[in-house]
Amino acid sequence: ARCPTGIVLDAAELNALTIVCIIGNDYSSLLPLTARSMAASMLQTLVTADRVGTRARMVGIELLSRGFATFKPYLDCQAIIQNLLAVLMTISEDGGGSSSSG
């Protein structure tokens, strides 16, 4: 995933971010404020950036939902909600929400 700031997350970095966010969610007192802020910024980028893979975006959404209380002070919640609604509208227009039963 490429962040607007030029940061590129490969699989290992995405895994590291996941671990930091899990620690932040379960043991927020162990994460320095700088780490919380950076993790929140990266998560927000994963959710709102245009050129982010589906897997990375889903990881970002999951981690934000689990650690929302920890990361909320560092997030632009309005931008996140607008982006998620846009993604849902795109899925609805493409018919991606339908599933076949067999």
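**Figure 1. The order of elements in the predicted model.** From the N terminus on, the elements run α-α-α-α-α. The protein has 5 helices and 0 strands. Helices (H or I, at least four residues) and strands (E, at least two) are DSSP runs, numbered from the N terminus. The protein has 102 residues, and 29% of them count as buried. Buried means under 20% relative accessible area, exposed means over 50%, and partly exposed lies in between (1.4 Å probe, protein chains only). This is a predicted model, in which local features need pLDDT of at least 70 and side-chain atom pairs count only at pLDDT 80 or more, while totals for chains, interfaces and linings use all residues. Residues are numbered from 1 along each chain as its sequence is written, and side-chain values use heavy atoms, with hydrogens and water left out.

**Figure 2. The largest pocket and its lining.** Rolling a probe the size of a water molecule over the atoms shows where empty space is left. Here, the largest pocket holds about 180 Å³ of space. Its lining is made of Val52, Gly53, Thr54, Arg57, Met58, Ile61, Leu84, Val87, Leu88 and Ile91. Two or more lining residues come from each of the elements α3 (54-66) and α5 (77-94). By type, the lining has 7 nonpolar, 2 polar and 1 charged residues. Ala, Val, Leu, Ile, Met, Phe, Trp, Tyr, Cys and Pro count as nonpolar, Asp, Glu, Lys and Arg as charged, and the others, Gly among them, as polar. On a 1 Å grid over the protein atoms alone, a pocket is an open set of points with protein on both sides within 12 Å along at least five of seven lines, whereas a cavity is a set where a 1.4 Å probe fits but cannot get out. Lining residues have an atom within 4 Å of a point. Grid points are joined across faces, edges and corners, and a volume is the space filled by probe spheres set on the points.

**Figure 3. Arg57, a residue of the pocket lining.** Arg57 sits in helix α3. Arg57 counts as buried because its relative accessibility is 11%. Leu43 is 14 residues away along the chain, and the C-alpha atoms of Arg57 and Leu43 are 8.5 Å apart.

Figure 4. Side chains of opposite charge can pair when their charged atoms come close. A salt bridge is a side-chain nitrogen of Lys or Arg within 4 Å of a carboxyl oxygen of Asp or Glu. By this rule, the count is 1 salt bridge. Arg66 is exposed, at 55% relative accessibility. Glu62 is partly exposed, at 37%.

**Figure 5. A nonpolar patch on the surface.** Ile19, Ile23, Tyr27 and Leu30 form this patch, with about 420 Å² of accessible area together. Leu30 lies in the loop between α1 (11-26) and α2 (33-48). Leu30 counts as exposed because its relative accessibility is 61%. Patches are made of residues with over 30% relative accessible area and no salt bridge: like charges are joined within 9 Å, and nonpolar side chains (Val, Leu, Ile, Met, Phe, Trp, Tyr) within 5 Å. Accessible areas come from the Shrake-Rupley method with a 1.4 Å probe, and for residues only the protein chains shown count as cover.

**Figure 6. Asp50 and Asn83, 33 residues apart along the chain.** The C-alpha atoms of Asp50 and Asn83 are separated by 9.3 Å. Asp50 lies in the loop between α2 and α3. Asp50 is exposed, with a relative accessible area of 73%. Asn83 is in helix α5. At 15% relative accessibility, Asn83 counts as buried. The C-alpha atoms of Asn83 and Ala49 are 8.6 Å apart.
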